[in-house]
Amino acid sequence: MQDKVTNIFIVGVGGQGTLLTSRIIAQVAVQMDFDVKVSEIHGMAQRGGSVVSQVRYGKKVYSPIIKKGDADIILAFEKIEAARWLDYLKPDGMVIINNERVNPLPVMSGKEKYPDTIHEKIAGLLPKTVIIDATAIASQCGNVRAANVVLVGILTAAIGIPAEEVEKAITAIVPAQALQVNLAAFREGLAAGA
Amino acid sequence: MKKLMIGNAAIARGAYEAGATVATAYPGTPSTEIVDSFSQYEGVYAEWSPNEKVALEVGAGASIAGARTLVAMKHVGVNVAADPLYSFSYTGVNGGLVLVSADDPGLHSSQNEQDNRGYGRFAKMPVIEPSDSQEALDYTKLAFDLSEQFDTMVMLRITMRLAHSQTMVKTGQKREIPLKDYKKNASKYVMLPGFAKRRHAEVEKSFEQLREYAETTPLNRVEMNDTSMGIITSGVPYQYVKEAFPDASILKLGLVNPLPKQLIKTFADQVDKLVVVEELEPVIEEQVRSWGIEVIGKEQFTLLGEYSSEFLLQQLSGIPMPQGFNLDQEIPARPPLLCAGCPHRGVFHVLRKMRLVVAGDIGCYTLGAIAPLEGMDSCICMGASIGTAMGMEKARGPEFAAKTVAVIGDSTFVHSGITGLIDVVYNGGTSTILILDNDTTAMTGHQDHPGTGVTITKQPTNKLDIEALVRAIGVKNLRVVDPLQINELEKVLKEELARREPSVIICARPCVLLPGTSKPDHKIYVDNELCNGCKSCIRIGCTGVTFLEEEKKAQINGGCIACGLCEQVCKFDAIKRTEV
């Protein structure tokens, strides 16, 4: 078993399903007999604010939170959230960005501009950047809310964990009535990330 | 079998395995999931109490009657429960009682970052601090034993980072603990001066025994390693220390009150340099210093916020924080917001429009304080709004009261607003009080309360009649309005503010996130012919309306739930509705 701890930093907007995603990834690590820690944000930040959940797994994990500059992967559900938390990424880390724009209040009110090409800027700076229209793919699979699982598919391909373990975790965590859509979305993400 | 559990679920499991049969709480982030999880076990009683004081009083009664009892609250909730706490610490227990205090360094969802280890010192109460979910489970079980062994309630002090982190847990078997016998024992449980005097002596005696216990308890452990630096730490900061300094010697304290003086002295003698790593107050540091031991502490760290591994590396080893990547781009902030369709938005729109002074309170509606609604002048603690408005009036006179309102949610009103309202009526105030009744405790995740008519286990119960209660207090002017009918709300507000008598306006509309909230039969859209880009609809701060900068038009987006508020604020009839 690898001694190294893998750090996955999941960012998005409250309500986008970051919590469920961190639970799926953590479940995969549990199935693979790793030590796992997950840190979540509940409460006030969930009301449409910027949210973070963090998954760490390896032979032995101490801190439940990832150090700045130490995330192997940032999984971003929204473009500017990827940019906001980029300081947590390792210099040679990977960013997976859902090409999705959710306007924050200062943008909706016209007080600030949304930096619409920010994902391209990140890609220019970091060679290991993946940009994907996860929301569109999820929509084709039957439900836009499955965008998070499309991203899990990309992540699975990127870090080389066995897809069947991830499908097992999805089956364990996702409610039965949403399972088929989620499995389809995961497979699309996996194919896109391969 | 091992599985992932958040700290809060692990505490509930620990209490269950320890044979606890009663649990009480008032919801509050980051403590809410503890008693919520506990309520799902078979054969136990759990309740949402109206507030933390009642929760601890019910807990004390259950303990005196012989049951192992769990009481949970957030850090500021312990302030509400402080009165029974300081006397129940004298009476001691019959069945073990564990009080969980969930502190919030970093203020993720709180109004302050007080350090509740201080309560342990003042109340001569043992304080136990776990550092992950397994310890949360194990220490909770042990805390019940200690509570009975030393005849005292035990505080299990956790922080948000433990409460809401999932780590691996191996669960155990439930122990069958029979109820302890109940025998009348007035000199132990009736805190008259004569009895309390003797109980105080007993408390001091048992606290001395706890000091001895602290020296040998398995809750405290030394991890001897490289002796050039020794670190005393506890709770989640232990994990940051292990991460940052894997080679350092560590004295990990699980029992943080009372401290093991000899153990600490011996540890200090064995290391070249002694460091205390603790978030918030220098509780351990000051005691260690008082014993004449040299220690590196807060002068090197901070009294503020959460710690992290990289912070410790920077402060102790001079390793700078990573600078990150230079994107050369301003990233717009994303503050939390009231949801699209939230009934509170109508209230704060009207309050801002009328330029009223607003004494606020604690709940989702506290978000009405931030831009663009900016409709709140003060928010102190749970239930403070009504008393604050009364004080403003008594300082500045009834003319000031005619442009002042108190704003309080239904759950918060039941928690601790009622006595404030009694004061207004009793002492001749003329305040206008808005009770924002959304039929739930929304901010903490939709817990029931006495006004919803449903218990923690979703059983129907008596529904507190807030209107009848307000009338019984002596308020003659009581109005009920729909907060999303803003013209009506404004009219009612004007009428009630003009009265030289107390008034209560109940703004009644269920939280939009509650299941079963009715779906509208229409959609809202912007008529581009009529929209002149005045941004009135944007200033309500709704996530369902976007301003298109280039077109200078408002646009209804996918977040809209057709509440109709923007339709009402549009002066040009540009926002319209169509049937679905």
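This is a predicted model: local features need pLDDT of at least 70, side-chain atom pairs count only at pLDDT 80 or more; totals for chains, interfaces and linings use all residues.

Biologist: Start with chain B. Which domains does the domain assignment give?
Modeller: Domain 1 covers 2–216, domain 2 covers 221–317, domain 3 covers 343–508 and domain 4 covers 522–579.

Biologist: What separates the centres of domain 2 and domain 3 of chain B?
Modeller: Taken over C-alpha atoms, those centres are 46 Å apart.

Biologist: Now helices. Where does helix α18 of chain B bend?
Modeller: At S416(B), by about 70 degrees; the helix runs over residues 410–426.

Biologist: Which residues of α18(B) are buried?
Modeller: D410(B), S411(B), T412(B), F413(B), V414(B) and H415(B) are among them. G417(B), G420(B), L421(B) and V424(B) are also buried.

Biologist: And what comes just after α18(B)?
Modeller: G428(B), which takes a positive phi of about 70 degrees.

Biologist: Over to chain A. What should helix α1 span, at 1.5 Å a residue?
Modeller: Its 14 residues, 18–31, should span 20 Å, and the end C-alpha atoms are 20 Å apart, so the two values agree.

Biologist: How many residues of α1(A) are buried?
Modeller: Ten of the 14, so the helix is largely enclosed by the rest of the structure. The buried ones include T18(A), T21(A), I24(A), I25(A) and V28(A). Just after α1(A), D33(A) has a positive phi of about 65 degrees.

Biologist: Are C507(B) and C566(B) buried or exposed?
Modeller: C507(B) is buried, at 2% relative accessible area. C566(B) also counts as buried, at 8%.

Biologist: How many salt bridges over all chains?
Modeller: The count comes to 47. One of them joins the side chains of E278(B) and R117(B), at 2.9 Å from N to O.

Biologist: Where do E278(B) and R117(B) lie?
Modeller: E278(B) is in the loop between β13 (274–277) and α13 of chain B, and R117(B) is in helix α6 (residues 117–123), so the pair ties together parts 161 residues apart in sequence. E278(B) counts as buried at 3% relative accessibility, and R117(B) counts as buried at 2%.

Biologist: What does K124(B) form a salt bridge with?
Modeller: With E204(B), the closest N and O atoms being 2.9 Å apart. K124(B) sits in the loop between α6 and β6 (127–128) of chain B and E204(B) in helix α10 (residues 193–216), so to speak distant parts of the chain, 80 residues apart. K124(B) is partly exposed at 24% relative accessibility, and E204(B) is partly exposed at 26%.

Biologist: What about R211(B) and E208(B)?
Modeller: Their side chains meet in a salt bridge of 3.1 Å, N to O. Both are in helix α10 of chain B, three residues apart, which puts about one helical turn between them. R211(B) counts as partly exposed at 36%, and E208(B) is partly exposed at 43%.

Biologist: Which residues do shared partners join into one network?
Modeller: D103(B), D115(B), R117(B), E129(B), R157(B) and E278(B).

Biologist: Last topic, the sheet. What is the strand order in chain B?
Modeller: It is an open sheet of seven strands, β3-β2-β4-β5-β7-β6-β12, with mixed pairing.

Biologist: Which strands stand at the edges?
Modeller: β3 (45–48) and β12 (255–257), each with a single partner strand, so one side of each has no neighbour in the sheet.

Biologist: And how do β5 and β7 of chain B pair?
Modeller: In the parallel sense, over six bridges, with β5 at residues 97–103 and β7 at residues 154–159. The bridge partner of V98(B) in β7(B) is V154(B).

Technical notes:
Residues are numbered from 1 along each chain as its sequence is written. Chains are lettered from A and ligands numbered from 1 in the order in which they are written. Side-chain values use heavy atoms; hydrogens and water are left out. The bend at a residue is the angle between axes fitted to the seven residues ending there and the seven starting there. Helices (H or I, at least four residues) and strands (E, at least two) are DSSP runs, numbered from the N terminus. Buried means under 20% relative accessible area, exposed over 50%, partly exposed in between (1.4 Å probe, protein chains only). Domain bounds come from an automatic or database domain assignment. The expected span of a helix is 1.5 Å times one less than its number of residues. A salt bridge is a side-chain nitrogen of Lys or Arg within 4 Å of a carboxyl oxygen of Asp or Glu. Two strands pair if DSSP finds at least two bridges between them.
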